[in-house]
Amino acid sequence: MAKDWQAVADAINTRMSERSIGQAELATQARVAVATLRQIQHGIPKDRNPRTLAALSEALGWPTNHLEQVAAGQEPEAGPDRLARLESAVAGLQKRVAELERQISQPPAE
């Protein structure tokens with residue numbers, strides 16, 4: 001069965017946005033090449049080493065098999081780290097709100 005690389009790309013891109021993490025930072029945390037991450041983010045169909053998807057899953061705060069399940073068209077398991085993922089999402093939102101508050105509080109440029 002063919003893997004759904006676009007679903008993987010969508011999951012990664014959404015999660016990166018939620019966590020306010022950039023491409024270089026994620027690649028470093030997952031120990032994958034930026035070029036490889038870029039291809040995955042664009043849904044380019046290519047067989048990947050299972051370690052790559054596992055490393056990206058973990059770097060994004062998901063269970064190790066999360067992206068493999070997404071690629072297979074399966075609903076990822078909630079896993080025991082659900083609370084950690086929720087905490088991470090809340091922390092990401094707090095960071096974004098703080099940045100918006102900082103921008104709003106700056107005097108307008110003349």
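With which residue does Arg 15 form a salt bridge? In this predicted model, local features require pLDDT of at least 70 and side-chain atom pairs count only at pLDDT 80 or more, while totals for chains, interfaces and linings use all residues. Residues are numbered from 1 along each chain as its sequence is written, and side-chain values use heavy atoms, with hydrogens and water left out.

The chain contains 6 helices and 0 strands, where helices (H or I, at least four residues) and strands (E, at least two) are DSSP runs numbered from the N terminus. The C-alpha trace spans about 55 × 30 × 20 Å along its principal axes.

A search of the whole structure finds 3 salt bridges, each defined as a side-chain nitrogen of Lys or Arg within 4 Å of a carboxyl oxygen of Asp or Glu. The partner of Arg 15 is Glu 18, with the closest N and O atoms 3.8 Å apart; both residues lie in helix 1, 3 residues apart, or about one turn of the helix. Arg 15 is buried at 7% relative accessibility, whereas Glu 18 is partly exposed at 34%.

Glu 68 forms a salt bridge with Lys 3, the closest N and O atoms being 2.5 Å apart. This pair links distant parts of the chain, since Glu 68 belongs to helix 5 (residues 66–71) and Lys 3 to the segment before helix 1 (5–18), 65 residues apart.

Conventions:
Buried < 20%, exposed > 50% of the residue type's maximum accessible area, 1.4 Å probe, protein only.
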